[in-house]
Amino acid sequence: MIRSLLLAIVLLFSLTSHADPLEEKAELGDARAQVKLAMEYESGTNRPVNIDHAIQWYKQAAIQDNTTAQFNLGQIYKNGYGIAQDSKQAIYWFTRAATQNHPPSQFYLGEIYEYGLSGSVDLYNASLWYQIASHNGHGEAMLGYKRVLHSLAEQQQNPVVEQQETTEVKPKEVTLEQSVVPVSEPESKTIFITQMEKPTALVTLGGYLLIAIMVVVLVFLLLRLKQTLARTKGNNDQQSSFSKSLQNEKLKQLQDSNDKLKIRADAQEITIKRLHIELEAAKKSSSSSFTQYQLLGININSSSADIKKQYRKLAQLHHPDHGTDGVMLAEINKAYSRIK
């Protein structure tokens, strides 16, 4: 028994400790916490059902422009869930959410105006809110918009028949309604039509102007591109002709220098041949005119050792291994043999 009581106390303490953080956040002004706390009071989750507390927390979040809280308040006042129905409050909170681009609120505003939940049927405002909600992706809003447009077309086709039927049934009330209807309904109809047609015409005209501007810009860019390509082609032609002329000039210079080099090589070859002939003649003349002692670079009084030493030096100097033709070596050998 004691254990069960302790377990119950612990469970209650854990539940209270779990709920306290949500209430603390809500009291500190957290809109999400306020919406969650209001939903718990509305549905009876984790706490007893209390519509007044739910409305209080929904309003705290709705003041901060929380669309969920505004939509839920509109639902509570529209359906009269736990409180009396209040169409004005429902329209107020739905309108605040709808102006923040909330499609369900926009749809319910169209439904309120279509079925006269606010006290009177207003098909023009209904079609407006249905159209906005359908543009924002609400599927049922498109059906409502088509339905309201069909009703408006029927009213425009049969206005006289409706007036005659109302006069036969309620003559006094009809006079009062006629004093209001011809003034209010045609004006709202013409205002609605101008509001729907003028922006469409302006959008269409703006689209045509934008297309024309884009075409002009595209043509201008194409002309500029064509001019740029023509200039590039002309520059390339000029550069190619200049490079060709420069290349021809270089080839001509190279050919002239090659011809000059050939002439110089021929002249040098002729000169070398002439010098070789002269050298051969000089060698022959010098070998015939010089004596054996002059050829070896000694005199008559030189000893045999000096003669032999001089001979070896000259023989090594004029040996064919050192690039000579051997003619001078043959003359040196003859002279040495004669002296010896």
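**Entry 1: helix pairs**

I started with α4 and α6, whose crossing is left-handed (the near helix is turned anticlockwise from the far one by less than a right angle; clockwise would be right-handed). The model I am reading is predicted, so I note that local features need pLDDT of at least 70 and side-chain atom pairs pLDDT 80 or more, while totals for chains, interfaces and linings use all residues. Residues are numbered from 1 along each chain as its sequence is written, and side-chain values use heavy atoms, without hydrogens and water.

I then looked up the geometry of the pair: the axes of α4 and helix α6, residues 103-115, come within 10 Å and cross at roughly 25° (axes are lines fitted to C-alpha atoms, for helices over the stretch in contact, with angles from 0 to 180 degrees between N-to-C directions). That angle makes α4 roughly parallel to α6 (under 35 degrees is roughly parallel, over 145 roughly antiparallel, 65 to 115 roughly perpendicular, the rest oblique).

How does α4 lie against α5, parallel or antiparallel? Helix α4 covers residues 67-79 and helix α5 residues 87-98, and their axes come within 8 Å and cross at roughly 160°. That makes α4 roughly antiparallel to α5. I noted this crossing of α4 and α5 as left-handed too.

I also picked out a residue pair here. Y77 is buried, at a relative accessible area of 9% (buried is under 20%, exposed over 50%, partly exposed in between, with a 1.4 Å probe and protein chains only).

**Entry 2: the chain as a whole**

I count 13 helices and zero strands (DSSP runs numbered from the N terminus: H or I of at least four residues for helices, E of at least two for strands). Read from the N terminus, the order of elements is α-α-α-α-α-α-α-α-α-α-α-α-α. The chain has 340 residues, and 23% of them count as buried.

**Entry 3: salt bridges**

How many salt bridges does the whole structure hold? My search of the whole structure gave six (a side-chain nitrogen of Lys or Arg within 4 Å of a carboxyl oxygen of Asp or Glu).

I went to R47 and found it paired with E23, their closest N and O atoms 3.2 Å apart. R47 lies in the loop between α2 (31-43) and α3 (51-63), and E23 in helix α1 (residues 2-27), so this pair ties together parts that are 24 residues apart in sequence. R47 also forms a salt bridge with E40, where the closest N and O atoms are 2.7 Å apart. I therefore logged E23, E40 and R47 as a network of salt bridges.

I checked the cover on each member of this network. R47 is buried, with a relative accessible area of 11%, and E40 is buried as well, at 9%. E23 is partly exposed, at 25%.

My next stop was R96, which bridges to D65 with the closest N and O atoms 2.9 Å apart. This pair links distant parts of the chain: R96 belongs to helix α5 and D65 to the loop between α3 and α4, 31 residues apart. Both partners came up as partly exposed, R96 at 24% and D65 at 41%.

**Entry 4: positive phi**

I found a second case in N101, a residue other than glycine whose phi is positive and near 65°. N101 sits in the loop between α5 and α6, and at 48% relative accessibility I put it down as partly exposed.

**Entry 5: a nonpolar patch**

Which residues make the nonpolar patch of about 590 Å²? I listed L205, L209, I213, V217, F220 and L221 (patch residues have over 30% relative accessible area and no salt bridge; like charges are joined within 9 Å, and nonpolar side chains, meaning Val, Leu, Ile, Met, Phe, Trp and Tyr, within 5 Å). The areas come from the Shrake-Rupley method with a 1.4 Å probe, and for residues only the protein chains shown count as cover.

V217 is located in helix α10, which runs over residues 171-289. With a relative accessible area of 42%, V217 is partly exposed.
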